[in-house]
Amino acid sequence: MGSRGRGIAGMVAALALLVALLAPGSAAAFGPISSFGSEGEEAGQLSAPTGIAVGPDGDFYVADEGNDRVDVFSPAGEFLFAFGAGVRPDGGAVCDEESGCQSGDGGHAAGALERPTGIAVSTAGDVYVAEEGNDRVSVFSGSGSFEFAFGYGVDPAGGDKCTAASGCQAGSNLRVPEIPAIFTQEGPEGALGKPSGVAVDASGKVYVAEAGNSRVSVFGPQGNFLYMFGREVEGIAFANVCTVNCEKGGWNYAGAGGFEEPLGIALLARNRIAISDAGFQRLDVFTREGAFEEAIGHEVSPVGGDFCTEATECKAGSGEGAGALEAPAGIAVAPDGSLTVADLGLQRVSQLNPIGEFVRAFGFGVIDGAEAFEVCTPLTGCTEGLQGSAPGATSNPFGVIEACGSIFVTESTSGVSRVERFGEPGSTALCRPRDKETPPPAPSAVVVTVVPTNAFQLGALQRDRRKGTATLRVSVPGPGRLTLRGDGLYPVERGLAAAASLQLPVHLIGKSRRALLAVGQRETTAKVTFTPNGGTARTETRKLTLVKRRS
């Protein structure tokens with residue numbers, strides 16, 4: 001995907017792309033095939049699923065953030081078991097259909113999972129889970145037995161690795177502003193600030209994307225820190241890789257090699273790695289040793305274009321049209337090197353060819369806003385997708401993986417939590433069941449949830465980094481009253497006469513606004529309540545990060 005060889009290869013790829021775009025039958029055939037999982041905490045249910053990975057047997061491991069556990073499904077989508085402290089009603093750490101399941105305990109104890117986000121399975125079958133809520137990575141066997149966790153200070157005795165015998169606690173991470181209006185984050189080597197994405201290579205080396213530290217940290221198979229990379233992680237100009245005495249988070253600078261909010265991570269061929277940056281709206285490609293190669297996203301080049309390098313310099317991506325990435329999260333890599341990217345901000349899934357050129361995106365209404373599954377291309381143009389519960393609606397897509405000739409996407413919105421499978425019926429291989437002697441069952445039916453009258457939907461957050469404000473898209477199903485409240489937030493109230501999709505202003509006030517102006521970044525939690533006329537109020541919360549850049 002590097003800029004090298006983009007000449008002839010680019011022309012060949014462009015010709016292949018044109019052929020693909022002129023073949024509407026293929027695009028029309030591609031679509032939702034089936035899904036597994038439903039909203040809840042019982043066996044086989046999910047709550048706000050995030051990362052997804054495939055084990056050596058073809059089983060799917062799903063990070064279940066809302067239930068503080070990991071759920072495991074067969075290649076055919078049948079629920080097998082879940083694990084995490086307290087998931088079994090009698091207090092056990094592994095549950096199945098027979099024992100029944102419940103939400104995990106969460107918290108910091110050994111084997112507990114607090115907001116599990118990223119997940120990866122090694123070639124040996126060990127499961128690595130990035131816990132955004134515990135600032136650590138926990139490691140389990142493929143059957144769900146806790147092995148150890150690592151992160152700065154996770155051992156109560158002060159070490160950076162813990163076991164059931166030693167006991168465990170949440171990791172520690174320091175975040176200190178250094179330069180006015182530019183938020184520079186600190187965290188000693190081995191610290192994990194909001195780890196969101198994790199990948200494990202064939203040698204067992206573990207790569208962790210840190211959304212809270214604007215960097216990627218790399219560890220050995222047993223959690224021993226090796227090195228980190230990101231813009232100026234050593235604290236001095238151009239020192240973008242650090243191996244010893246590392247005390248700095250990355251400088252969230254939009255130029256080449258900088259991160260703002262890295263969420264997803266994927267291993268590429270030829271010793272490279274791709275990281276999705278939700279803050280700078282692009283994909284960044286590095287060598288696995290931390291040398292920056294290029295970034296991909298709409299107009300990431302200051303001179304125009306969807307590719308940038310150290311030589312051309314880089315900037316944040318923008319827009320919602322074809323090729324745009326607003327809040328990219330999970331990344332899947334196909335055998336031919338093409339990429340599939342789940343986009344939380346644009347409610348759609350984008351696909352790039354092996355050299356990083358945009359091919360198509362899919363989701364609900366991605367061409368014209370219609371409430372139907374659509375596939376958009378550079379020829380049709382693209383727009384932001386819609387949330388929903390019907391087949392093909394990619395609501396808040398986070399995790400994505402390619403398996404069994406199909407694309408599997410984790411999705412969640414009001415009343416819906418599932419893994420949805422996309423492909424071309426008749427040409428994609430059926431996933432085999434776990435028992436290879438049993439004929440594969442028919443694909444499971446897609447779960448369709450009837451939206452209740454108070455089931456409003458939270459959409460994308462659009463930040464204005466110049467002003468330090470934002471707007472939050474909210475869709476309501478009918479007439480009623482909509483409010484937005486939160487600590488340090490300017491209260492907003494809207495009366496609605498009918499179903500509508502609207503943008504609520506998000507403004508910090510008082511001490512929160514002053515803190516934003518001082519450090520350039522501020523986290524808060526918005527509480528959005530919709531009370532339908534004659535109905536019951538319902539509230540959803542959304543964690544938000546506002547950013548104020550220097551003029």
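This is a predicted model: local features need pLDDT of at least 70, side-chain atom pairs count only at pLDDT 80 or more; totals for chains, interfaces and linings use all residues.
**View 1. Phe140 and its ring partner Phe146.** With a relative accessibility of 1%, Phe140 counts as buried. The search of the whole structure returns 20 aromatic pairs, and one of them joins Phe140 to Phe146, whose ring centres lie 5.6 Å apart with the planes at 70°, so this pair is edge-to-face.

**View 2. The stacked pair of Phe373 and Phe422.** The two rings are 5.9 Å apart from centre to centre, with 25° between their planes. This pair links distant parts of the chain, since Phe373 belongs to strand S28 and Phe422 to strand S31 (residues 416-423), 49 residues apart. Phe422 has 0% relative accessibility and therefore counts as buried.

**View 3. The open sheet of five strands.** The strands follow the order S24-S25-S26-S27-S28 with antiparallel pairing. Strands S24 (328-333) and S28 (373-376) are at the edges and have a single partner strand each, so one side of each is left without a neighbour in the sheet. On average, and with direction ignored, neighbouring strands are turned by 20° against each other. Within this sheet, S25 (residues 339-343) and S26 (residues 348-352) run antiparallel and are joined by five bridges, and Val341 has Ser350 in S26 as its bridge partner.

**View 4. A ring cluster, and charges over rings.** Phe36, Phe60, Phe73, Phe79 and Phe408 are linked into a cluster by ring pairs. Elsewhere, the charged end of Lys161 sits over the ring of Phe148, 4.4 Å from its centre, while Arg360 lies over the face of Phe30 at 4.1 Å from the ring centre.

Notes. Residues are numbered from 1 along each chain as its sequence is written. Side-chain values use heavy atoms; hydrogens and water are left out. Two strands pair if DSSP finds at least two bridges between them. Helices (H or I, at least four residues) and strands (E, at least two) are DSSP runs, numbered from the N terminus. Axes are lines fitted to C-alpha atoms, for helices over the stretch in contact, and angles run from 0 to 180 degrees between N-to-C directions. Rings of Phe, Tyr and Trp (its six-membered ring) pair if their centres lie within 6.5 Å; planes under 30 degrees apart count as stacked, over 60 as edge-to-face and the rest as tilted. Buried means under 20% relative accessible area, exposed over 50%, partly exposed in between (1.4 Å probe, protein chains only). A charge sits over a ring if NZ of Lys or CZ of Arg is within 6 Å of the ring centre and within 35 degrees of the ring normal.
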